[in-house]
Amino acid sequence: MAAGLTAAVGHRAASFLSAGAPGAAAVPSGVPGNWERVARRRVQHFGYRFDYATRSFGDCLGPLPPQVHAVARRVGSLDSVKQCMDQATANDYPPGVGLAAHIDTHYAFTGAIASLSLGSHCCMEFLQGPTPPEPGSRMDSGDAVAVVVAGSDERDASQRRLLLLPRRSLLIMTGEARYAWRHGILARRTDMVGGAALPRDRRVSLTLRKVRGFACNCEYPESCDSQSAPLQPTRLALKQQCQPQPQRLPLPQQQPPQQQQP
């Protein structure tokens with residue numbers, strides 16, 4: 001299991017949540033909330049705020065809402081997770097909007113990262129080199145959380161894998177996939193899967209994490225921001241650095257009061 005992609009035990013990806021199951025609409029359409037705009041998508045945080053400039057967790061927001069808690073508890077009980085997921089982020093993607101490839105920071109979050117797809121499908125891109133996942137691993141299995149999709153572009157095929165995430169499917173990243181492979185979503189309106197064009201619709205994903213709060217000592221030091229890997233600044237952080245700072249006008253110097261002539 002070189003890539004560490006695991007399945008919801010005893011279930012195929014598309015059946016993790018049935019259409020009418022509790023939590024199938026954990027973030028229902030049209031419900032008001034603390035949505036904020038990040039790039040071209042909307043996000044909403046539960047448990048802890050996620051800071052996109054530092055890629056870490058921020059202020060505690062209180063307990064997870066009941067619907068989100070129900071999903072988090074079920075995911076946390078899986079044998080491939082076995083931890084209490086206490087931070088959740090809902091991402092609302094309009095058709096064609098992508099996600100920059102990244103590795104969730106090691107020092108901020110520990111253990112498995114889970115992502116539940118609500119609404120439309122999408123293809124997720126995994127990038128790492130030079131060694132690809134071993135053929136026949138759970139990443140390539142029909143019973144895995146996501147199915148490998150054939151694809152080619154200018155990147156070396158040994159460093160790239162595309163995974164189809166069907167609607168209501170659960171993606172669980174552990175081990176190498178969690179700590180050493182970048183994951184992202186290409187910005188496009190249609191995915192080619194097995195020679196067929198699958199148009200994207202609105203997609204809401206629910207990402208579940210466990211806040212760490214201490215240094216990571218994983219076996220992937222070249223990708224670990226607690227060890228030898230530098231934490232690259234996000235585009236948001238670079239944008240904030242490039243914003244011109246307001247210039248302060250010099251305060252007028254006060255003249256000493258003149259003494260009156262006697």
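This report on a predicted model covers a histidine site, a strand hairpin and the nonpolar cores.

## His-183

Strand β13, residues 182–185, contains His-183. With a relative accessible area of 8%, His-183 counts as buried, because the cut-off for that class is under 20%.

The side chain of His-183 makes a polar contact of 3.4 Å with the side chain of Asp-104. Apart from neighbours within four places in sequence, the residues in contact with His-183 are Ala-100, Ala-101, His-102, Asp-104, Met-124, Glu-125, Phe-126 and Met-173.

## The β4–β5 hairpin

Strands β4 (residues 48–51) and β5 (residues 56–60) are paired in the antiparallel sense, with three bridges. Phe-50 has Phe-57 of β5 as its bridge partner. Four residues lie between the strands of this hairpin, and Arg-55 has a positive phi near 60°.

Phe-109 is in contact with both Phe-50 and Phe-57. Beyond neighbours within four places in sequence, other contacts of Phe-109 include Arg-55, Ser-56, Gln-87, Arg-178 and Val-211.

In soluble globular proteins, nonpolar side chains tend to be buried together. The largest nonpolar core here has 27 residues, and the members that touch the most others are Phe-109, Met-124, Phe-126, Leu-171, Met-173, Ile-185 and Cys-218. At least two residues of this core come from each of β9 (122–127), β11 (160–165), β12 (170–173) and α2 (175–179). The most are given by β9, which supplies three residues.

Notes:
Residues are numbered from 1 along each chain as its sequence is written. This is a predicted model: local features need pLDDT of at least 70, side-chain atom pairs count only at pLDDT 80 or more; totals for chains, interfaces and linings use all residues. Side-chain values use heavy atoms; hydrogens and water are left out. Buried means under 20% relative accessible area, exposed over 50%, partly exposed in between (1.4 Å probe, protein chains only). A polar contact is a pair of N or O atoms within 3.5 Å; within protein, one must be able to donate a hydrogen and the other to accept it, and residues adjacent in sequence count only if both atoms are side-chain atoms. Contact means heavy atoms within 4.5 Å. Two strands pair if DSSP finds at least two bridges between them. A nonpolar core is a set of buried Ala, Val, Leu, Ile, Met, Phe, Trp, Tyr and Cys residues joined through side-chain atoms within 4.5 Å.
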